[in-house]
Amino acid sequence: MRKHFLISAIVVPTLLASAVWAQNASVQSLRGAAVDEHIAVEDVFHQDKDRFTRNYRQQPPLIPHSIDQYQIDLKANRCLSCHDWTQAGERNAPTLSMTHYQDREGNQLDVVAGTRWFCNQCHVPQADAPALVENTFEASN
Amino acid sequence: MSDANPGFIRRTWRWFWTPTGAISLGALLVSGFVAGVVFWGGFNWALEMTNKEEFCISCHEMQDNAFAEYQGSVHQNNSSGVRATCPDCHVPKDWGPKIIRKIKATKELYGHFITKSIWTREKFEDLRIDLAANEWRRMKSTNSQECRNCHNFEYMDFTAQENRAADNHQVALDEGKTCIDCHQGIAHELPEGWQDRYEQVVQEMAAAGELTLPDGRQVADAKGEIEGFLTSGN
């Protein structure tokens, strides 16, 4: 009985004190803002959506998306299913440069020139990654 | 005359429908039940046996072409360890459509044993665009049912998707498109002229009134509206 009284005598004032202290401390909400305050959703960056600036004037533009398993061979070219002039508008994709519809004799074609068929011969996906080999390249911009 | 001296078929027919004299009703019921279990079980077992990857590639046509190309594709080799094998994409899961597909597939036996229509790589390449068009037509007409066994617009978290994918999936939803409208040739090689052929398939289906999805279904007109709301801070 005495023991119980002793415990109560210690615990009750401690609880009361901490409750008062909590009241006084500024309440920090987990939301990070007042209830009536609007929090704009942050952008989700999974990749660099915008194209990197070219490192030199003649650099083929980099590809701002993954091209894993895109078929580019004798029979089909997956890139053209969005980037060809016939599709680009509908797919909201940049059209190929018009130089790519010109054969080596300078004739204008309606389909991409054979010399330009293999996109990834010049264009590569962009990545903000360390250089694979040590080099002294300096961008001219 | 036929009654006096019935033929074999007639005799068998009569014997079959004459009440049995020696076997009890219980024995008939039990044996009928057992036979039912055996036949129905056997039927489903056979159905499952023909719905396995090993069965599909037991013919060299599939082993050397379709299966070989599927190696390394995202449905065969991926980080999650889930693999979609041949029947997951090419055989409907529902019983009715599955049986229809199985019956149609008997034509493949005819092609393998009799006409040998895709016996060599060259023959396969020649027919590839027609074979692909068949699958495109099937996918388009069922709203890509086999894809939907795993992939659903409703289950997609667009915010977790790559920007380009999220944007285009929203467009697809707004315009009532289905998976195969964009995702052709994800497991097998595309033939020359595939894009024109696909458009032709869709136009043919539209002309025949076979497109079940309404054109321009406005599920979420609100893409711009939502984006505006989220960024404007009002």
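Visitor: Which residues of chain B does the UniProt annotation "transmembrane region" cover?

Guide: Before I answer, please keep in mind that this is a predicted model. According to the unreviewed UniProt entry, the "transmembrane region" covers residues 20–43 of chain B. In the model, that span is 79% helix and 0% strand, and its end C-alpha atoms lie 28 Å apart.

Visitor: What else does UniProt list for chain B, and for which residues?

Guide: The unreviewed entry lists "domain: NapC/NirT cytochrome c N-terminal" for residues 22–192 of chain B. Over residues 22–192 the chain is 60% helix and 0% strand, with 70 Å between the end C-alpha atoms.

Visitor: How many helices and strands are there in chain B?

Guide: Chain B has 12 helices and 0 strands. Chain A has 3 helices and 0 strands.

Visitor: What share of the residues of each chain counts as buried?

Guide: In chain B, 10% of the 234 residues count as buried. For chain A, the share is 5% of 141 residues.

Visitor: Why is W136(B) called buried?

Guide: A residue is buried if 20 or more other C-beta atoms lie within 10 Å of its own. W136(B) has 21 other C-beta atoms within 10 Å, so it is called buried. You will find W136(B) in helix 8 of chain B.

Visitor: Which residues does W136(B) touch, leaving out those up to four places away in sequence?

Guide: W136(B) touches I180(B), Q184(B), Y198(B) and V201(B). Take V201(B) as an example: W136(B) and V201(B) are 65 residues apart in sequence, yet their C-alpha atoms are 7.7 Å apart in space.

Visitor: What makes you say that the buried residues of helix 11 of chain B line one face?

Guide: The buried residues in question are W194(B), Y198(B) and V201(B). Seen down the axis of helix 11, the buried residues fall within an arc of 55 degrees, so they line one face of the helix. An α-helix has 3.6 residues a turn, so residues three or four places apart point the same way.

Visitor: What do the buried residues of helix 11 of chain B pack against, and which exposed residues are on the face turned away?

Guide: The buried residues of helix 11 pack against helix 8 of chain B. The face turned away from the buried side carries D196(B), E199(B), Q203(B), E204(B), A206(B) and A207(B), which are exposed. Helix 11 is followed by G209(B), with a positive phi near 70 degrees.

Visitor: Where is N143(B), and why does it count as partly exposed?

Guide: N143(B) lies in the loop between helix 8 (121–141) and helix 9 (145–148) of chain B. The partly exposed class sits between the cut-offs of 12 or fewer for exposed and 20 or more for buried. N143(B) has 16 C-beta neighbours inside 10 Å, so it counts as partly exposed. S144(B) is in the loop between helix 8 and helix 9 too, and with 19 C-beta neighbours inside 10 Å it counts as partly exposed.

Visitor: What is the phi of N143(B), and what is that of S144(B)?

Guide: Phi of N143(B) is near 55 degrees, a positive value in a residue other than glycine. Phi of S144(B) is near 50 degrees, and again the value is positive in a residue other than glycine. For background, most residues other than glycine have a negative phi.

Visitor: How is chain B divided into domains?

Guide: Chain B is divided into domain 1 (30–119) and domain 2 (122–225). The contact between them takes 16 residues from domain 1 and 10 residues from domain 2. Helix 4 of chain B gives the most to the side of domain 1 that touches domain 2, with 5 residues. By class, that side of domain 1 has 7 nonpolar, 5 polar and 4 charged residues.

Key. Residues numbered from 1 in each chain as written. Chains lettered and ligands numbered in written order. Predicted model: local features only at pLDDT ≥ 70, side-chain atom pairs only at ≥ 80, totals over all residues. Domains from an automatic or database assignment. Contact = placed C-beta atoms within 7 Å. Helix = DSSP H or I, 4+ residues; strand = E, 2+ residues; numbered from the N terminus. Nonpolar A, V, L, I, M, F, W, Y, C, P; charged D, E, K, R; others polar. Arc of directions from axis to C-beta. UniProt positions renumbered as here; feature names shortened; annotations may be inferred.
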